[in-house]
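Here is a friendly walk through a model, with a stop at a few residues and at the contact between its chains. Please keep the viewer open as you read.

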There are 2 protein chains.
Amino acid sequence: METQELETAKEQLDSHIDDTLKDELSSVDLAEHLKTIKKHDETQFAKYLKELDPESLANAALEMPDHMLEDVIEIVPKDKITQGISELESDDQAELLDNISDIDENKAKEFFEELDEKDRADILKIAKYDEDEAGAYMQTEIFSAKGSETLKSAIDRLKILKEKEEIENVFQLFIVDEKNHLKSAIALSDLIIYDFSLTLNEIIEKSNYDYKPHVAIDTENVNDVIQDFDEFDLNVMPVIDANGVLLGRITSDDIHDLIEDRATEQLYNLAGVNDEAEEEETVVKSGKARAAWLFVNLCTAIISSIIIGFFDKTIESVVALAILMPIVASMGGNTGTQALTVTVRRLALGEIEFKDKKRVLFREVAIALVNGMIFATLMGIVAYFWFHIPLLGFVIAASMIINLTLAGFFGTVIPLTLKKLGIDPAVGSSVVLTTFTDIIGFFSFLGLATWVLL
Amino acid sequence: METQELETAKEQLDSHIDDTLKDELSSVDLAEHLKTIKKHDETQFAKYLKELDPESLANAALEMPDHMLEDVIEIVPKDKITQGISELESDDQAELLDNISDIDENKAKEFFEELDEKDRADILKIAKYDEDEAGAYMQTEIFSAKGSETLKSAIDRLKILKEKEEIENVFQLFIVDEKNHLKSAIALSDLIIYDFSLTLNEIIEKSNYDYKPHVAIDTENVNDVIQDFDEFDLNVMPVIDANGVLLGRITSDDIHDLIEDRATEQLYNLAGVNDEAEEEETVVKSGKARAAWLFVNLCTAIISSIIIGFFDKTIESVVALAILMPIVASMGGNTGTQALTVTVRRLALGEIEFKDKKRVLFREVAIALVNGMIFATLMGIVAYFWFHIPLLGFVIAASMIINLTLAGFFGTVIPLTLKKLGIDPAVGSSVVLTTFTDIIGFFSFLGLATWVLL
């Protein structure tokens, strides 16, 4: 089976190199096949790196984990790498160079210096933005024209751009003024039905529609851009600077990647896993990042145990308490996690904001309180019949109502507060939450027991 | 502040109705404003439902939770609703009627009967698919032509379709044969540079490119379609049946929604929250769905407590065990959740499959084992110095190594097995996992203690 995997990978890459493949291979597939071959046979891996055309290699490199990319920049000649980079779109060029720079800053600089002036300028434009800014995700290849131009002259320019393979996936023509300020954006499907001898201004006038596009500001948070794509069902969005000058565009495939990455990050962060470390797939990196979270969890678990330790005399005299106390903590943890997860996700999707805190908190605490009362009653009855200790049922029921209600409260307040402080509400919030629910659970249960039962 | 919210909502809707708004309101905004108004003032809510144009109302209805949609179909006259539905695109028509049908099947039928024949036929085509099939997400409005047609004749047809507002967001022309089999798909940006008097076959011949599109089969799992969009950076994908007949297309905005929904579902399922119940936003529905999960958790927590109960004599003689046992369970739960979350997500993203089980399992168990040894050693030392009981450090260390390693194992095996059985690996897996880690944790710790310490 292992060798079969290798054979398939080699066959697919061979056909890709000979261009005899029925279905096109995606960059993800290319990277995946290379990974398989590298795992089995380093010599074959080097051979395929050599045989792949520069563009395919550069595209595959975008999908590789760091340790593979490291091999690529070591094995493949510099010329071939720069050739590959030069054939990418500007946003991909910036991303790949950024990835290479994480491994070897000097190599990244060398490759960059070999690119032509236009590529270098475009990459610098994109690289200057933070990773949460819209500008970091734009490509600078755009199809634009002045309003005074005829449609024919614009189309002729498109023809040249396409022949030179300088632009792909064109859906819109951006209309700009003399100073490159964005004025309108017209879909090709709207343009194609007009007489090509008309100027773009004449077309806009005729159509009785202003073609005002949804725009992204370059320094805007990319989450807001994602939301606009979502709400207005967009396929592409022009990016402008604060003065309205057209800089580039963001396309829906970039938005797809962002949405998937954001969701993975949230899921992982809630579970105490680092998404970037996991991407590497090496046991050491993932293991280290996870150990960091487990260490935090160990510390908070020890704190909970110290709380239990305060009540060692109580436990010695009523051992039933030791048997039941994990139930109180576990139910609190689960109730809190429900509220936490819903709040984190709704914050991320922009469905709620900090200003909705009263409404959201009311809802979550109400649910937690009602469920708390239901399960407290149930567990109170179970505990009474299990241990036949008068008042034990009351103690566990009361502590569960307290713990579950507060779990709903903290499960909502923690992410809302983190968001307000500008911290990602998914990071660390579940550890903080279960610390609260464990401490409150053990303290209320054992404390009440000490007071009522002894 | 409450009234300010109401004022803003009213102002925005007023300007939308008068068409004096600077920035277009999305359907999400419309639904949000209507919700705000409904919360404060039912009379005003009814007034706005009356004043909104049918298309805006239908679009907003698509974004409404059930309880609001219920009001809409009660308050708004039937004619206006059917008018609104008729102005939607086919996939939205099918979705809205499906939502209405969930509330009142007869009303949905009534609205459906009022639509014209073409709309009815299109809706039936879409509605027959399951919600995990690609066909359920397609729209039937497409721009297609025969290869023998001239580009001009195709464009003239597009012009008419656009004037009748029958089609929006056209990026591609689909070329079909006499029997409507899909042959090629050409982007408008490719077409626009050719002479309009050429036939489409001539254009294809001239371009020296086969324009073979990535296609979705109508009965294909929609997750595979999402993956194709992702891997090949697509904006639109034609949908064909098993015989190759063109049925419709899926656009990237539908894919966005699917990606977001899928991520929300995973996050919620892992936390024991039902995504559909949460959408409703009513306390009762959400609370009930969450209570169901809490009940399962209560049962498993009671099982863990029964395990602890087996060792009541041991705990009575060494109360330190009661103090430390939550640490063993909590560290196991966290280690398992890390493995579980990573496995669930990577399965969902198609990065791993059941056949990779050996490799994935090896990786996850290795990480869990190494972390287990590190934290076992650490905790063993802490326990020894805390309680000064010889061998207690050894007992907690040994049980932590057992529990954390098995946590890594079950955290990986549970989702892989569920996936293999055709069950969503996110549903219920965390409850099953923590049941395992609690039972193993308590049993190994208290069992070892009984054996070694007593």
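## A tyrosine in a loop

B:Tyr211 sits in the loop of chain B that runs between α12 (200-207) and β4 (216-217). Keep in mind that this is a predicted model. Is B:Tyr211 buried or exposed? Its relative accessible area is 9%, so B:Tyr211 counts as buried, the cut-off being under 20%.

Which residues does B:Tyr211 touch, leaving aside those up to four places away in sequence? The contacts are B:Lys183, B:Ser184, B:Ala185, B:Ile186, B:Asp190 and B:Ile204. Along the chain, B:Asp228 is 17 residues from B:Tyr211, and the C-alpha atoms of these two residues are 17 Å apart.

## A serine in a helix

Next comes B:Ser304, which belongs to helix α16 (residues 283-310) of chain B. B:Ser304 is buried, with a relative accessibility of 3%. Not counting residues up to four places away in sequence, B:Ser304 touches B:Asp438, B:Ile439 and B:Phe442.

## Asn169 in both chains

Now for some backbone geometry. Most residues other than glycine have a negative phi. A:Asn169 has a positive phi, near 50 degrees, and B:Asn169 also has a positive value, of about 50 degrees, although it is not a glycine.

Where do these asparagines lie? A:Asn169 is in the loop between α10 (151-163) and β2 (172-176) of chain A. In chain B, the loop between α10 (151-163) and β2 (172-176) holds B:Asn169. A:Asn169 is partly exposed at a relative accessible area of 36%, and B:Asn169 is partly exposed at 35%.

## Domains of chain A

Chain A is split into domain 1 (1-127), domain 2 (144-251) and domain 3 (276-453). Taken over C-alpha atoms, the centres of domain 1 and domain 2 of chain A are 32 Å apart.

## Cysteines

How many disulfides are there over all chains? The count is 0. For reference, a disulfide is a covalent bond between the sulfur atoms of two cysteines.

Side chains of opposite charge can pair when their charged atoms come close. Over all chains, the model has 44 salt bridges.

One of these pairs is B:Lys38 with B:Glu42, at 3.5 Å from N to O. B:Lys38 is buried, with a relative accessible area of 15%, whereas B:Glu42 is partly exposed at 47%. Another salt bridge joins the side chains of B:Lys118 and B:Asp122, at 2.7 Å from N to O. Both B:Lys118 and B:Asp122 lie in helix α9 (residues 117-127) of chain B, where they are 4 residues apart, or about one turn of the helix. B:Asp122 is buried, with a relative accessible area of 5%. Beyond this pair, salt bridges with shared partners link A:Glu278, A:Arg290, B:Arg363 and B:Glu364 into one network.

## Where the chains meet

Chain A and chain B bury about 9,300 Å² between them, and carbon and sulfur atoms give 63% of that area. Chain A brings 104 residues to the contact, and chain B brings 104 residues.

How many salt bridges cross the interface of chain A and chain B? There are 10. One salt bridge pairs the side chain of A:Arg290 with that of B:Glu364, at 2.8 Å from N to O. Between chain A and chain B, 31 residue pairs are in polar contact, with both residues at pLDDT 80 or more. On the side of chain A that touches chain B, helix α18 (residues 320-348) of chain A gives the most, with 17 residues.

The side chains of A:Arg262 and B:Glu260 form a further salt bridge, at 3.0 Å from N to O. This pair joins two chains because A:Arg262 lies in helix α14 (residues 252-270) of chain A and B:Glu260 in helix α14 (residues 252-270) of chain B. A:Arg262 counts as buried at 14% relative accessibility, and B:Glu260 counts as buried at 6%.

Notes:
Residues numbered from 1 in each chain as written. Chains lettered and ligands numbered in written order. Predicted model: local features only at pLDDT ≥ 70, side-chain atom pairs only at ≥ 80, totals over all residues. Heavy atoms only, no water. Domains from an automatic or database assignment. Disulfide = S-S within 2.5 Å. Salt bridge = Lys/Arg side-chain N within 4 Å of Asp/Glu carboxyl O. Buried < 20%, exposed > 50% of the residue type's maximum accessible area, 1.4 Å probe, protein only. Contact = heavy atoms within 4.5 Å. Buried area = accessible area lost by both parts, 1.4 Å probe. Polar contact = N/O pair within 3.5 Å; in protein donor to acceptor, adjacent residues only side chain to side chain.
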